[in-house]
Amino acid sequence: MRVILVGGGTAGHINPALAIASYIRDKEPNSKILYVGAKGGMEETLVPKENLEFKGITISGFSRKLNFSSFKKNLVTLKNIFIASHESKKILKEFNPDICIGTGGYVSGPLLKEAHKKGIPFIIHEQNAYPGITTKILSKKASVVMLATKAAKKHLNKNLNIIVTGNPLRNSIGKINSKEAKKELGFDNGKPLILSFGGSLGARSINESIAELISWSQKNNLYNHIHAYGKYGKWMPKLLEEKGVRKSPNIDLREYIDNMPICMAAADIVICRSGAITLSELIVCQKPSILIPSPNVAENHQYHNAMEFVEAKAAALLEEKELSGENLIKKLSESMNNIAYLQSGINKLKKELSFNSSEKIYEIIKNTLN
């Protein structure tokens, strides 16, 4: 089987594609898989680390702001769409896939549209309860539209071939022992481990609040901490230095967490956004969390995601409008004092939900080809 996977822009689009690729390789080791992403995008760095062949296309997103700078950016994007279409044609001709699979992001558009023109079947996967614009556009031509949740159905045409699969996760998620993971990371000193991140691009408000938390924690000798500050948070190490935070084996600060299965396994509590993939990983790994929904998403879907966890007594909520170093420290202290309560909630969630998404998606791929 020859498969092209396309998706990118954020880890929320990349990781599902990597999970699908991993499952296909497990089932059919002789399959040929090509990952297509944006030149210069996160996927260009992350995908080769998974021993997958990668090809980039020239593409950028549209700006919705009404100013001259956005107008110029959109002119460049229009030009890039023509370039990306030409590059996609060439990739499809050279690789000759049996099927294409899109997992979202504007990079999916040009390649899947060209695949449809050539009569190559394609399927798409939407991770969130509110489908993105790329999903809405491509869904009209897709052989199958796969959704993470039933809630997304109401935002799409009811005549589409829709199958709810859940979110595919990496095979190694939830398979690693916590004690072994802590030892491998060098955090087996008996102190609780905090894992925090604000998304693959980074979130200034989260980074600033985490800096306050790390400074407070180091002064009081309380926690081990792994934090990813994201692509646009490279200023954070300097901020910590200004706050008097010393380099320490108890602090692991990095741009991106590329060994999430190990870090998630080792964590005692996770501080993060409430994107769909992240929440699925929290359930599978059975990790209590403090959720900080992003307010900058369609239909405020991250808040609704988070409230499902809060109502299940599986997480604490801290909204962006209330986020500060002081409030985060307070929320963490409360959560650690009630960690058994949160642990019980997340354990119950895992028992109630099924996680065989990759298997379902593989079956859809095979059925589409038959």
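In this predicted model, the buried residues of helix H7 are Ser-205, Ile-206, Asn-207, Ser-209, Ile-210, Ala-211, Leu-213, Ile-214, Ser-215, Ser-217 and Gln-218. These buried residues pack against strands E8, E9 (224–228), E10 and E11, and against helices H8 and H12. The 17 residues of H7 should span 24 Å at 1.5 Å a residue, and the 25 Å between its end C-alpha atoms agrees with this. H7 is followed by Asn-221, which has a positive phi near 55 degrees.

Helix H12 is one of the packing partners of H7. Its buried residues are Gly-325, Leu-328, Ile-329, Leu-332, Ser-335 and Met-336. They lie on the same side of H12, because the arc they cover around the axis is only 130 degrees. An α-helix has 3.6 residues a turn, so residues three or four places apart point the same way. The exposed residues Glu-326, Lys-330 and Asn-337 are carried on the face of H12 turned away from its buried side. The buried residues of H12 pack against strands E8 (193–197), E11 (269–272), E12 (289–291) and E13 (315–317), as well as helices H7 (204–220) and H13 (339–352).

| Helix | Number of residues | C-alpha span, end to end | Expected span |
|---|---|---|---|
| H12 | 13 residues | 18 Å | 18 Å |

Another helix pair is formed by H1 (residues 11–27) and H14 (residues 357–369), which pack at an angle of about 70 degrees with their axes 10 Å apart. H1 is therefore roughly perpendicular to H14, since angles of 65 to 115 degrees fall in that class. On the H1 side the residues that meet H14 are Ala-19, Ile-20, Tyr-23, Ile-24 and Lys-27; on the H14 side they are Ser-358, Glu-359, Ile-361, Tyr-362 and Ile-365.

Asn-250 counts as buried because its relative accessibility is 17%, and the cut-off for buried is under 20%. Its side chain makes a polar contact of 3.2 Å with the side chain of Asn-189. Beyond its neighbours within four places in sequence, Asn-250 is in contact with Phe-187, Asn-189, Lys-191, Asn-221, Tyr-223, Asn-224 and His-225. Among these partners is Asn-221, the residue with positive phi that follows H7.

Definitions and conventions
Residues are numbered from 1 along each chain as its sequence is written. This is a predicted model: local features need pLDDT of at least 70, side-chain atom pairs count only at pLDDT 80 or more; totals for chains, interfaces and linings use all residues. Side-chain values use heavy atoms; hydrogens and water are left out. Buried means under 20% relative accessible area, exposed over 50%, partly exposed in between (1.4 Å probe, protein chains only). A polar contact is a pair of N or O atoms within 3.5 Å; within protein, one must be able to donate a hydrogen and the other to accept it, and residues adjacent in sequence count only if both atoms are side-chain atoms. Contact means heavy atoms within 4.5 Å. Helices (H or I, at least four residues) and strands (E, at least two) are DSSP runs, numbered from the N terminus. The expected span of a helix is 1.5 Å times one less than its number of residues. The arc is that of the directions from the helix axis to the C-beta atoms. Axes are lines fitted to C-alpha atoms, for helices over the stretch in contact, and angles run from 0 to 180 degrees between N-to-C directions. Angles under 35 degrees count as roughly parallel, over 145 as roughly antiparallel, 65 to 115 as roughly perpendicular and the rest as oblique.
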